[in-house]
Amino acid sequence: MKTFKNFLFVLERFKTSSILNIAGLSIAFAIFIIILMQVDYDLSFDKCHKDYDHIYRVERVGDGSKLAILPRPAAEILFQSPHVVAGAIIGPFYMESSVTVTKNDTDEQIYKEMVLMVEPSFPKVIHFDMLEGSDAALEEPDKVLISRRIGQKFFGTESPVGKQIEVWGGARTIGGVYKDFPPNSSISNAIFMAMSPDENKNNWGNFSFCVFVHLDHAGAKQEIIEQFKAAIPEDILNKYWGGDGSLQFTPLADLHFTNDIMYDSTPKSSRATLMVLLAIAFAILAIAAINFNNFSMAQVPIRIRSINTQKVLGASTGSLRAGMISESVLMNLLGFALALIIVFLLKSTPVADLLDAKMSLSAHWKEVALTGGIALLVGLLTGLYPALYITSFQPALVLNGSFGLTPKGKNIRNALIGVQFVASLVLIISVSFMYMQNNYLKQAPVGYERDQVIITDLSNKINSQRDVFKQELKSFAGIEDVALSESLLGTADQYMGWGRTYRDKDIQYQVLPVEPAFLKVMNISVTEGRDFREDDKDGRFGKYIFNEKAHKAYELELNSHIDTSEIIGFMPDIQFTTFHTEPTPMAFFVWGTDNWGDKMRHVYIKVTAGSNMFAAMQHVKSTLNKLDPGYPFNVRFYSEALQSVYEKEQRLSSLIGVFSLIAILISVIGVFGLVIFETQYRRREISIRKIMGSSVSEVLQLFIGTYCFIVGVCFVIAVPVAYYFNSKWLDNFACKTPLHWWVFLLSGLFVLAIILMIVTTQSYKAATKNPTEAIH
Amino acid sequence: MIKIENLRKVFRTEEVETVALNGVSFEVTEGEFIAVMGPSGCGKSTLLNILGLLDNPTSGTYCLAGNEVGHLKESARTQARKGNIGFVFQSFNLIEEMNVFENVELPLVYMRINKAERKRRVEEALYRMNISHRAKHFPNQLSGGQQQRVAIARAIVANPKLILADEPTGNLDSKNGNDVMTLLSELNTEGATIVMVTHSQHDASYSHRIVNLFDGEIVTEVQSRM
């Protein structure tokens, strides 16, 4: 009770500083909780699955690369091992497909949903929590499993089991409804469909399937690999597999963090990014704790008289210390309580969208409890030192005359402020570079048109009447040209990879099949040879245009052939992947009539420069609707599609940016509080100096000098630290903004300006006070 | 040297209006040593603050060395004070973080006197006050008497015409108190004008004239025995 009274007294007496400090603490705790939520989301990825620590994905290792996909016969060999409790293959390409749902026999609705082909044994590996029906439905060829959310979307409140939907041109019956996997699962909430038992059964050449196994124990992996190596036929090893037939088992819970495996389309995160987030969380916490500690220490000269008077009157040192420590703990717990309110209120703001995790306190009670514990600890630690310090003096000594911090105490305090300044500087510099990098990605040259292009996907119906579709589009005055392509240029790290033999050498390159007009539409010029012509697709074999990388690396010659396809031209190294990877050997390819894979799924529509993009888009939409009404087409500006690739990075940058600004704000609050205290404490000195003839500006210089010095020293420490972290981060990009020196300098000046502004305004008040008030 | 006429000083807080000085008039001629006496709260310190140009009167005139200074702005008051007025306080008011030398040097720093000259004058003042051997010490390492001698050294280092002393012996024992009073008398005989506020009849006896204040008004002015 007495503690509480003291606590209220402190709040009342040092109102501004108390409010600022508790605000700083509560914001820091709130950010800490929020960051823990995100970190927990990523770290617990796939841990929702039953027996996740026994489940592995099997990958092929060889020729210096790893593949997430295997041919089906390889899986059959693996599943024979006695250590494999259960195993299943799954189609690897997570694609949205159109699903037709017919209600009341007439009302046809088309939805886009993920459809996954799996072996019927899949539910034995990945457990499905069945709400209706049974997962055994996958044993029947025309039955599918859907998630509860999909069921509600299709049929509302009606039970979906037994109802029919149309997928990939065939009618399927819903055999069961499973409980949705949480968002942090590599297995998505899809329509699961059984794969034909005979599909590619003996085809070693088709690497198309992800293989999941449930092992009886982790140590069995090596044994299985050896068995596999022994079982795989020699000729197959040489012809298809490459290497020595080695495999890798990636634990299910690690899938989210692997990024060196090709054809792995599960959602990724990096541990480094999580570390950055955690580092920020702790930096903010440290900044707030330091503020609080400095706040307590700054009160010492003002409170020491009352503490010593209590001592003289008989209070024991122990009880005084306990009182001060509980006061500090109370302040921290108050900050924590406010933090919970902040997080609760933020839940319904755009800040919540920056997180992948759900911003719910009850769902993250562990993180909340942990933060509460940390608040308690911070309270104890920040209360301990001032409590020991303030009670360590002989009461008689302190009752007479004035009292100030010892030089050592001041040095500690300045060092603590220094830590805050260094942290703030590093954060400001890093946020600047993140911002610059994001801008750089938006503007960096890719080598092809991206602003005047509209894209859309294609339905089967439109694909079968391509020419009519193109004619309709071109009839609009603002549309210059149209070209189809199998993939979206510049939106993936990897495209279709072909390995071929060229003049007795094995060569590897990525292929983007396109229509002949594609290069014209995308403003890509040919540097040697010629562009594709419309009649190229009428010949029997396809035609290549390679990039310079391939040209040089494989010494390709114009008009020579790879197998039967001719190389008709070369073009510059355009940025055909995202900026995460550097251009590798690559070709655009136009199919001839001898065509085993034409799956043109994307349309590029070039809008004439100067004409209205939105009107053109409207025309595209109405054309699509006329030719295939009801199909949900995804019509977008190409530039937006390119941008969306970096969405996760941009969201993360925004998150880090917001938190860094808050960190800086909190340290500014700290300095603000300290200057208030310092000017209050030094009022007497200021008065004496003024009586001795000091002018106001001379008093100001006194304060400003100290802080300039601290900021200067911190700048020297912060620059190499920030340089190190930022160059590390930028290594994630093949295409990156330079580390300009002036960003460092400006950040330093920015911090200096803020600090000087606070110091000047605050000490000006003290410097202009009537000197007679403070001395007697 | 000093001529004040009808000086009034009123302090206003939100609710109360306190009249600290109510029409005080007197003159101090050059070379005089005046003691101001009176009970606590009679306005002694307020008077001294106004005389020392630390504060402005609410009304009335204050003429210092022939110039009207009663209603100057703060920066002008600072200028008028520099080098002309020395202060000695009851609680010494030395700056804790500075050593003896630096404390005494302070007024000269603000007068922008060069370093060599400052050194010469500080050493002279410390020698004069018999405290040279303590030049590198900090205030909390000195006795009260020593601290007050440092404060007096600081008051005279700029050779001011006027020295204002606010109960200079208030925190000292009788021996140290006598030493301080003797020093002040010596400074007076050398030509300094001194106005001293005191509670002590004994200290007042060192002065030429005693002004008694009561409730902000002068009640008597008497020639002291000296």
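This is a predicted model: local features need pLDDT of at least 70, side-chain atom pairs count only at pLDDT 80 or more; totals for chains, interfaces and linings use all residues.
Reader: How many helices and strands does chain A have?
Author: The C-alpha trace of chain A spans about 105 × 55 × 55 Å along its principal axes. Of its 776 residues, 40% are buried. The secondary structure of chain A amounts to 22 helices and 24 strands.

Reader: In chain A, what share of the contacts with a separation of 6 or more joins residues 24 or more positions apart?
Author: Two residues are in contact if their C-beta atoms lie within 7 Å. Among the contacts of chain A with a separation of 6 or more, the share that joins residues 24 or more positions apart is 82%.

Reader: Are H2(A) and H8(A) roughly parallel or roughly antiparallel to each other?
Author: Helix H2 (residues 15-43) and helix H8 (residues 271-312) of chain A have axes 9 Å apart and pack at an angle of about 160°. Angles over 145 degrees count as roughly antiparallel. The two helices, H2(A) and H8(A), are therefore roughly antiparallel.

Reader: How many nonpolar, polar and charged residues has the contact of H2(A) with H8(A)?
Author: The crossing of these two helices, H2(A) and H8(A), is left-handed. On the side of H2(A), the contact includes Gly24(A), Leu25(A), Ala28(A) and Phe32(A), while H8(A) contributes residues including Leu277(A), Ala281(A), Ile284(A) and Phe295(A). Divided by class, the contact of H2(A) with H8(A) has 18 nonpolar, five polar and one charged residues.

Reader: Are H8(A) and H10(A) roughly parallel or roughly antiparallel to each other?
Author: The axes of H8(A) and helix H10 (residues 365-390) of chain A come within 9 Å and cross at roughly 30°. Angles under 35 degrees count as roughly parallel. It follows that H8(A) and H10(A) are roughly parallel.

Reader: Is the crossing of H8(A) and H10(A) left-handed or right-handed?
Author: Residues of H8(A) that meet H10(A) include Phe292(A), Met297(A) and Arg303(A), and their partners in H10(A) include Val378(A), Tyr385(A) and Ile390(A). By class, this contact of H8(A) with H10(A) has eleven nonpolar, four polar and one charged residues. The crossing of H8(A) and H10(A) is right-handed.

Reader: Why does Val422(A) count as buried?
Author: Val422(A) belongs to helix H12 (residues 407-443) of chain A. Leaving aside residues up to four places away in sequence, Val422(A) touches Cys714(A), Ile717(A) and Ala718(A). A residue is buried if 20 or more other C-beta atoms lie within 10 Å of its own. Val422(A) counts as buried because its C-beta neighbours inside 10 Å number 21.

Reader: What distance separates the C-alpha atoms of Val422(A) and Ile390(A)?
Author: Ile390(A) is one of the residues of H10(A) that meet H8(A). Val422(A) and Ile390(A) are 32 residues apart along the chain, and their C-alpha atoms are separated by 29 Å.

Reader: Are H19(A) and H22(A) roughly parallel or roughly antiparallel?
Author: Helix H19 (residues 647-681) and helix H22 (residues 741-767) of chain A have axes 9 Å apart and pack at an angle of about 25°. That angle makes H19(A) and H22(A) roughly parallel.

Reader: Which elements cover the buried residues of H20(A)?
Author: Helix H20 (residues 683-691) of chain A is mostly covered, as seven of its nine residues are buried. Among them are Glu685(A), Arg689(A) and Ile691(A). What covers the buried residues includes helix H21 (696-730) and H22 of chain A, together with H2, strand E6 (85-88) and H3 of chain B.

Reader: Which elements of chain B give two or more residues to the side that touches chain A?
Author: In chain B, 17 residues are in contact with 17 residues of chain A. The elements that give two or more residues to this side of chain B are helix H2 (74-81) and helix H3 (100-110).

Reader: What is the radius of gyration of chain B?
Author: Chain B has seven helices and ten strands. For its 226 residues the globule rule gives 17 Å, and the value for chain B is close to that, so chain B is as compact as a globular protein of that length. The radius of gyration of chain B is 17 Å.

Conventions
Residues are numbered from 1 along each chain as its sequence is written. Chains are lettered from A and ligands numbered from 1 in the order in which they are written. Axes are lines fitted to C-alpha atoms, for helices over the stretch in contact, and angles run from 0 to 180 degrees between N-to-C directions. Helices (H or I, at least four residues) and strands (E, at least two) are DSSP runs, numbered from the N terminus. Angles under 35 degrees count as roughly parallel, over 145 as roughly antiparallel, 65 to 115 as roughly perpendicular and the rest as oblique. A crossing is left-handed if the near helix is turned anticlockwise from the far one by less than a right angle, and right-handed if clockwise. Ala, Val, Leu, Ile, Met, Phe, Trp, Tyr, Cys and Pro count as nonpolar, Asp, Glu, Lys and Arg as charged, and the others, Gly among them, as polar. The radius of gyration is taken over C-alpha atoms; the globule rule is 2.2 Å times the number of residues to the power 0.38. A residue is buried if 20 or more other C-beta atoms lie within 10 Å of its own, exposed if 12 or fewer, and partly exposed in between; C-beta atoms are placed from the backbone.
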